[in-house]
Amino acid sequence: MTEGNSDQTAGDQVQNWIDPSIGLERIREAAKRNSRERFTSLLHHATPRLLEESYRALKRDAAVGIDEMTWREYGEGEPQNLLDRLTDLHERVQSGRYRAQPSKRIYITKEDGRKRPIGIAALEDKIVQKAVVRILEQVYEEDFLNFSYGFRPGRGQHNALDAVWVGIGSRPISWVLDADLKSFFDKIDHEWMIKFLEHRIADRRMVRLIRKWLRAGVSEEGCWSKTTVGTPQGAVISPLLANVFLHYVLDLWVQQWRSRETDGNVIIVRYADDFVMGFQRKGEADAFCHALEERLAQFGQSLNEEKTRLIRFGRFAERDRASRGEGKPETFNFLGFTHICGKTRKNKAFTVLRIPIAKRQNRKLKQIREELFKRRHEPVPVQGKWLRSVVQGYFNYYAVPNSLRQLSAFRTIVTRDWVRALRRRSQKTRITWARTERLLNTWVPQPKVVHPYPNQRLRV
C-alpha cells in the first residue's frame, strides 16, 4: 500500500496528518478479537503525525547518539522545519531507504561496582522506534499476561510491588524464588526474537525494520562492532522486544507449568527480567527451579546465581525457622525494596513489610552529600529548591506503609549533611538552631505515606 509514497497526492498527504489513534485502536480491536491473527500491514500506520507525537514524547535532555543531534536541535526553527524533517523521515521509512545507525555505547556503574553497557540510539532512530512501539503495543497489550508489569502502559513498579504483597499475604505461600536473569538484554537471540515476533507480525517491512535495529551494531570510541545477539539497553524499542521475548520464553511456559505440574498455590510477578515467584510446597519449588534452568538454556539465557535465591518466606516461616534454631526468616529484594516477614501492630497478624534497600539508600545519601558540597556557595533558596525536589522525589517512590521510620532517618541524615555543607561556606559562618529549624521546615519535606496499602487498590 505504501510503495508509492513518493507520488502521494495532496489528499494522501492530508490523510497522513490525521490523528493516528483511530488506526491504532482498530489494530487493538483486531488483536483482541482474534488472538491468533497475524497482522500483514502495520508499518503504514507510522504516519508523519505519529512520528511527530513520538518526537514530542522523547526526553528533551536525553543523551545524544552518534549523530550528536539533540532533541531541540532537531526541532529548531519554524514549525515547518520540523514537519519537513518528519515528512522526509516518513518517506524514507515507507520506501525502505531508512537506515538504522549504530548505538553509541557508554557504561554506567552497577551496585556491585561492575559496568553495565548502555546503548544510546540516534535521534531519528528513537523517533521511529517510539512510533513502532506505539503500533506494536496495540497487538501485544492484548497478548501479554497480567503478571507482567515491566514497561507496559498503565503499569508501573508499584503495581508489581502491590501484586507481590497481596499474593504472598493472601495465599498460603511458604517459599519465595527471587530470580534474576544474567545479562538478559545482552544475550537475546536475534533469530528467536524474529520467530517470536512473526507469531503475530506478518508485515515483512515491519520485521525488516526491527531486524535493522538489532543488527545496526554499536559504536564505542569511534569503533563500530557488529551485534549478532542482544538488544541495547537504553534503546526505545528494547523494553518491548524484551517483553515479547519473555512472553514466549517464560510467561506462557510458567502459566502452563503451574497448571499441569502443581497442586499447591503458585504466584508469579515479573518486571522486565526480574521476577518473584511464590510456592506453597518446597518440592514444587525445587522442581520448578530445575525446569526453569533447562527452559532458559534452550533460548540462550541463564539465571544470575548471585541474585537468584529460593528462601523460606511466608506466614509460617518465622515459626518453622525458630523450631530449627535458624533465627529470623530471610528477606528478599525486589524493585528497590527489601521484603520482610512481619506482623501488624493491631492484631499481630502476618504481613509483608517493605523498606528501602539499605545499599541503595546509602548510595543515594552519598550522591546528595557530594552534590550539596558542590552547591554550598549557591544561594540558600537555590540549594533548598534543589534539595526539596530530590528528597520529595525519593519519598514519592519509597513512602509506602511501614517505611516511615527509615524515611525519617533518611531525612535526618540529609538535613545534617546540608547544615554541615552550609557551615563550610566560610569559617565565620554561624548557623543558629533557630535558623536551622526554619530552613529545614521550609525546604526539606517531611515523609508521609504516598502509596496506600496494596489490598486497598488491588486483588490478585
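The model is predicted: local features need pLDDT of at least 70, side-chain atom pairs count only at pLDDT 80 or more, and totals for chains, interfaces and linings use all residues. Residues are numbered from 1 along each chain as its sequence is written, and side-chain values use heavy atoms, with hydrogens and water left out.

**Overall build**

- The protein chain contains 16 helices and 11 strands; helices (H or I, at least four residues) and strands (E, at least two) are DSSP runs, numbered from the N terminus.
- The C-alpha trace spans about 75 × 70 × 40 Å along its principal axes.
- Of the 460 residues, 49% are buried; buried means under 20% relative accessible area, exposed over 50%, and partly exposed in between (1.4 Å probe, protein chains only).
- Among contacts (heavy atoms within 4.5 Å) between residues at least 6 apart in sequence, 73% join residues at least 24 apart.
- The chain exposes about 24100 Å², and carbon and sulfur atoms supply 47% of this area. Accessible areas come from the Shrake-Rupley method with a 1.4 Å probe; for residues, only the protein chains shown count as cover.

**Charge on the surface**

- There are 82 positive and 56 negative side chains, and the centres of the two sets lie 9 Å apart. Lys and Arg count as positive and Asp and Glu as negative, while His and the chain ends are not counted. The place of a charge is taken as NZ of Lys, CZ of Arg, CG of Asp or CD of Glu.
- Lys343, Arg345, Lys348 and Arg405 form a positive surface patch. Patches are made of residues with over 30% relative accessible area and no salt bridge, with like charges joined within 9 Å and nonpolar side chains (Val, Leu, Ile, Met, Phe, Trp, Tyr) within 5 Å.
- Arginine 405 belongs to helix 15 (residues 404–423) and is exposed, at a relative accessible area of 69%.
- A negative patch consists of Glu293, Glu294, Glu305 and Glu306. Glutamate 294 lies in helix 11 (residues 282–297) and is partly exposed, at 46%.

- Aspartate 178 sits in strand 3 (residues 175–180) and counts as buried because its relative accessibility is 8%.
- Arginine 375 is in the loop between helix 13 (358–374) and helix 14 (380–398), and is buried at 18%. Beyond neighbours within four places in sequence, arginine 375 is in contact with Gln383 and Trp386.

**Salt bridges**

- Side chains of opposite charge can pair when their charged atoms come close.
- The structure holds 23 salt bridges, each a side-chain nitrogen of Lys or Arg within 4 Å of a carboxyl oxygen of Asp or Glu.
- Arginine 49 and glutamate 53 form one of them (3.6 Å, N to O). They are separated by about one helical turn because they are 4 residues apart in helix 3 (residues 48–57).
- Glutamate 330 and arginine 309 form another (3.4 Å, N to O). This pair links distant parts of the chain: glutamate 330 is in the loop between helix 12 (317–323) and strand 9 (332–334), and arginine 309 is in strand 8 (residues 309–312), 21 residues apart.
- Aspartate 320 and arginine 319 also meet in a salt bridge (3.5 Å, N to O); aspartate 320 is buried at 16%, whereas arginine 319 is exposed at 56%.
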